[in-house]
Amino acid sequence: MPLLNFDLQRARPTLFRYGLAAIFYLFALGLALLTQHYGFRDVALPLFLFAVALTAWYAGPAPAILAVALSITSFDYFFTEPLHSFYVSRSEIPYLIVFVSFASLVAWFSAVRRRVEAQLLQARDELEIEVAERTQQANLLNLTHDTILVRDMDFFIIYWNRGAQELYGWTAQEANGKRSDELLGTVFPAPIEDIRAELLRTGRWEGELKRTKADGTDVVVASRWTLRLDEQQQAVAIMETSNDITERKHREEQIRTLNQELAGRSTELEATNKELEAFAYSVSHDLRAPLRHMVGYAELLQKKASSVLDEKSHRYMAMILESAKRMGNLIDDLLAFSRIGRAEAQMTLVNLDQLINEVLGELRQETAGRDILWRIDTLPVCRGDRSMLRIVLVNLLSNAIKFTRRQPEAKIEVGCADANKDEIVVFFRDNGAGFDMKYVKKLFGVFQRLHQTDAFEGTGIGLATVQRIIHRHGGKVWAEGAVDQGATFYFSVPKF
Amino acid sequence: MDMLGRILMVEDDAKDVELTLTALEEYNLANEVVVTHDGEEALDYLYSRGKFKTRPSDNPAVILLDLKLPKVDGLEVLQQIKSDEKLKIIPVVVLTSSREEKDMVASYKLGVNAYVVKPVDFHEFVNAIRELGIFWAIINQAPPGSVRK
């Protein structure tokens, strides 16, 4: 009710408030006249005082003054001798002054009380609104899954949200009032004095803390502390928000372990590579020597005994020499193949057009006396290891030259096409012996040959080398062909 | 043993020695060859030590050096020769089975005059030896202090 009254007094228009004064006054006057009519005496004055007090209370001081004026006028008119006249006798003046003073006092008390009460009400309303806001904020803090706790400067917990309960396992009731580091068994990454010093200096601190939950399991949290200051800039509390990073730490640990393993493997691999290198070196050096001796002595024997050897024996000698030579080639090719695996690729810009002309010049000896129709497109610049790509071109061109040998009109075509925005494709097409597409997968294997040695010599390492080089460039090799219809070899390399 | 050689050959493999000498025979260069069988012996010869104490003091016109040698290997011999003021003027030809690039690079870095890979093919081998012998022992003007005939 007082709240309503307060609102009414504020909201009432001035006219209404004066109306209210008039109503209270008329009501008091009516009641006074009624009591006078029934022979009661001296009731009018208290009734008028009552009306003034009510007016002061409900309508404010100005209408109360009106009520006093009206009351005193009517009192004089209706209730003092001579009745029904505004005449005021001398003896009545003090009486009236006392009435006015008393009425004014009542009106004043009433107004003051009214004002105080209004202020109190306003303060209470504001407080209620703030409480509602605070409650809402606290509820929001509780809603978040982040862990939030607040402690005073002695580390005693004064706020503990639901996130904290979920993470650590204690309820707010259990946690509040306890020392946080004792409750949680906190392991700090640095001496607590240092952390405290930093917090006081900068107002914040961040770090990883190891803690123990209510159920005894360990948890690692990424913790952020913020200092709360009061109006005098004195530190009063520490707010801490944390995230559970136990899983992340665990994964980091796993990654570290894996990396260590990888480093171990890498060292092993390096060792294996070194061994392989030593092996290749040994092959290069030691395997060729006996071969050279075989050939050397066989030739010496052939020379010395040529007069006494019959035709068959000559052929045997020739076979020995040929085989030894073939083995020499095999060793050389195999070594070249293994070198490509071991050597570092030096990636530069390679002008394929220039390179292919160089290679063609080199191969002139092989094409001497041959009638070959060449069609060579202008080739682009690509990214790659020049000496390795040179081996690719040499192998593919010598293959084309070799396998068109039986063709009366040999045709060899070299061209290129844009594969996509990152790669170019170069192809080598010939009209030579070709191959059966069902063996296409064997084409690029080491020591794989699709022709008999008698028909076309070779070690079966050339295309394997080509494939290895192109794979090291991140490209692809493939081929199309048909028996006696020629073959086309493609490779892709990164664009410039 | 003929102590006066125009060609110092450092080769541990007896068969290679024989084949090389056979190849040089045709040009009557075989008699000009002094054979040492490991790096230590080669250095003994060059410094007139041990069993070569009494050899004439002239330097050979050329050294044919294998790389894979017992005791002191070819690269060490080469390094010793090229770091010695008196010996570094002698032309050194590495004659080896190794096609390995690192051997070649190491040899050239040490200042070798030529690097020849022994071919498997005997004809090529004979040709290589012959050309080396003729070039270095006959055509090339050997540095002062080496044997002349």
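Which residues in helix 11 of chain A meet which residues in helix 15 of chain A? Ala336(A), Phe337(A), Ile340(A) and Gly341(A) in helix 11 meet Ala464(A), Thr465(A), Arg468(A) and Ile469(A) in helix 15. Two residues are in contact if their C-beta atoms, placed from the backbone, lie within 7 Å. By class, this contact of helix 11 with helix 15 has five nonpolar, two polar and one charged residues. Here Ala, Val, Leu, Ile, Met, Phe, Trp, Tyr, Cys and Pro count as nonpolar, Asp, Glu, Lys and Arg as charged, and the others, Gly among them, as polar.

This is a predicted model, in which local features need pLDDT of at least 70, side-chain atom pairs count only at pLDDT 80 or more, and totals for chains, interfaces and linings use all residues. Residues are numbered from 1 along each chain as its sequence is written, while chains are lettered from A and ligands numbered from 1 in the order in which they are written.

Chain A holds 15 helices and twelve strands. Helices (H or I, at least four residues) and strands (E, at least two) are DSSP runs, numbered from the N terminus. Of the 496 residues of chain A, 25% count as buried. A residue is buried if 20 or more other C-beta atoms lie within 10 Å of its own, exposed if 12 or fewer, and partly exposed in between.

Go back to the helix pair. The axes of helix 11 (residues 311-342) and helix 15 (residues 462-472) of chain A come within 10 Å and cross at roughly 5°. That makes the two helices roughly parallel, a term for angles under 35 degrees. Axes are lines fitted to C-alpha atoms, for helices over the stretch in contact, and angles run from 0 to 180 degrees between N-to-C directions.

Next comes a sheet in chain A. Five strands form an open sheet in the order 2-1-5-4-3, with antiparallel pairing. Two strands pair if DSSP finds at least two bridges between them. Strand 2 and strand 3 (204-212) of chain A stand at the edges, each with a single partner strand, so one side of each has no neighbour in the sheet. Neighbouring strands of this sheet are turned by 25° against each other on average, direction ignored. Helix 9 (residues 192-202) of chain A packs on the sheet and touches strand 3, strand 4 and strand 5 (235-244).

Look at two strand pairs in chain A. Strand 3 and strand 4 (residues 218-229) of chain A pair in the antiparallel sense over nine bridges. Trp205(A) has Trp225(A) in strand 4 as its bridge partner. Strand 1 (residues 147-152) and strand 2 (residues 157-160) of chain A are also antiparallel, with three bridges. In their hairpin, which has four residues between the strands, Phe155(A) takes a positive phi near 75°.

Now turn to chain B. Strand 1 (residues 7-10) of chain B is covered on both faces: Ile7(B) and Met9(B) on one side and Leu8(B) and Val10(B) on the other are all buried. Four bridges join strand 1 to strand 3 (residues 62-65) of chain B, and the two run parallel. Strand 1 also pairs with strand 2 (residues 33-36) of chain B in the parallel sense, over four bridges.

Finally, the chains meet. In this interface, 16 residues of chain A are in contact with 15 residues of chain B. Helix 10 of chain A gives the most to the side of chain A that touches chain B, with twelve residues.

How values were computed: Parallel < 35°, antiparallel > 145°, perpendicular 65-115°, else oblique.
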